[in-house]
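I opened the model to look up a few local features and to note the cut-offs beside each entry. The structure comes first, and my notes follow.

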Amino acid sequence: MSPAPPQPRPLAARLTAWYRPSLVLRLLVAQMVLLLLLWLFFIILLIYQSQHDMSELTQDQRYDMILRVADSLAGQPERQHESLGDIDRFQRGTEGLEDEPLMRMSMLVRRGETLLFVSPGLPAGIRNSRLNEIEKLGAGSRMWRVRSRASPRSAIVVTLVKPADAVNVLLTFTSRGFLLLPLLISLPFLAIPAWLSLRLALRPLSRVTQEIAARGPRDLSALGFRPRHRELQPLVANLNALLERVCDSARRENEFIADAAHELRTPLTAMRINVEALKTAAGEGTRQELLDGMVRSGDRASRVVGQLLSLMRADQAPMPATRRVALMPLLQDRLALLSGLAAVRGIELDLEMQADWEAVGEYEALAAMLDNLIENAIKYSPDAGTVSIRVTRQADRTVLSVSDQGPGIPPELRKRVFGRFFRAPGQSQTGSGLGLAIVKSAVERHGGEIELASAQDGRGLRVTVTLPSPKAWPTAAQG
């Protein structure tokens, strides 16, 4: 059984496959459209002139010439008619309308009621009501502009007539449109030179494209091409800035992975050492001590992994918060969770909040932020110390502060402590250096601010977090 012949694709699909959007084509079409608009402008201008230009009817020299010929040949009717016909053909020839009797300047010559001459195709009944004035008259189903002058030497009257309707527009195009004819003829031939000029003009952009295409996936250095053109300079500058940001992000990611591996290696190594020692341990007390060390190492590794996951979630792209989070239940829940850690060292957790205010944000991210702030305060406070948590409202912002009585952070290090895995020198407590990095990332994701300061008398640390309140987020939904 022979296979069925392939079905032809529809015409629209073939056209879509053939046509691809092109900047050169777009610019070329724009140039052609501009030329057509200019052509249309000139057409409108000529139409306007055709309706308002009466110069041919007001040229007295024409009348004087016709009247002189008619007066001089008044006794020779045949020669008079022939001469007036020559003048009429001459007028049509100067306007390029020899073969179009209905689209030209025409004339009538009378002596009293006797018609001496009328242009071919012109109604003989056209007659001015007033001499030396232009009038618009209807005759023979058409409109005409008419002006008449009388001879001072005889009763001969010469009337010059021009079409005053749409045919007059064609008359104007023929008499003056030779300036437009080259444009109409050459318009199709302008496309090729315009296309070549655009290709040449866009060569610097092609150089940028070629340099980017020639790069490997790991080459994030700035572009070597430095354009002199004002239009390309912002593009190249923004590309270089983007490459720099991507390079910094990749560098931070590599550092992050290296630091995370280092932080995880320490508890894992400790667990291995404890397991090896456990194999050879003799006494029950020694075994229990080694098992406790393994649990502590496992807890530390789990904490590092948990902080890494929290930091990854906090590093997600900023999002518009859509949930209202009641702060009182959230704080009570986090304090209950951390109360056991505080009780071991006799540390008091003091919460002060005048009302059950709300914040707008993501519950999990706010919980991770509070856990790290309160746990750090507990960790660095002295035994039997106090950790104070205060929540206040300032205008349309909710302000949360956590204060401890520990050694604090020197002012020169307060910006650096937000870096990942950074720990201030001389710390006696163990940690991964991720806590404040998680807090800062969560705060920025919620459009808030964070500030470090001394708690009291230059001692201790007070962390102040400012978050938008529901009033600042009118589209927030009750969650």
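I call a residue buried when its relative accessible area is under 20%, exposed when over 50%, and partly exposed in between, with a 1.4 Å probe and protein chains only. Helices (H or I, at least four residues) and strands (E, at least two) are DSSP runs, numbered from the N terminus. I kept in mind that this is a predicted model, in which local features need pLDDT of at least 70 and side-chain atom pairs count only at pLDDT 80 or more, whereas totals for chains, interfaces and linings use all residues. Residues are numbered from 1 along each chain as its sequence is written, and side-chain values use heavy atoms, with hydrogens and water left out.

Entry on α12. I looked up the cover of helix α12 (residues 435-445) and found 9 of its 11 residues buried, among them L436, I438, V439 and R445. Just after α12, G447 has a positive phi of about 70°.

Entry on G406. I found G406 in the loop between β10 and α12, where its relative accessibility of 3% makes it buried. Its C-alpha lies 4.5 Å from that of G460, although 54 residues separate the two in sequence.

Entry on cavities. I took a cavity as a set of points, on a 1 Å grid over the protein atoms alone, where a 1.4 Å probe fits but cannot get out, with lining residues having an atom within 4 Å of a point. Two or more residues of its lining come from each of α10 (327-344), α11 (363-380), β10 (397-403) and β12 (459-468). Including L327, M369, T398 and V465, the lining divides into 11 nonpolar residues, 1 polar and no charged, where Ala, Val, Leu, Ile, Met, Phe, Trp, Tyr, Cys and Pro count as nonpolar, Asp, Glu, Lys and Arg as charged, and the others, Gly among them, as polar.

Entry on positive phi. Which residues other than glycine did I find with phi near 65°? N132 has this value and sits in the loop between β2 (114-118) and β3 (135-139), partly exposed at 46% relative accessible area. A384 also has phi near 65°; I placed A384 in the loop between α11 and β9 (386-394), and its relative accessible area of 63% makes it exposed.

How values were computed. On a 1 Å grid over the protein atoms alone, a cavity is a set of points where a 1.4 Å probe fits but cannot get out, and a pocket is an open set with protein on both sides within 12 Å along at least five of seven lines; lining residues have an atom within 4 Å of a point.
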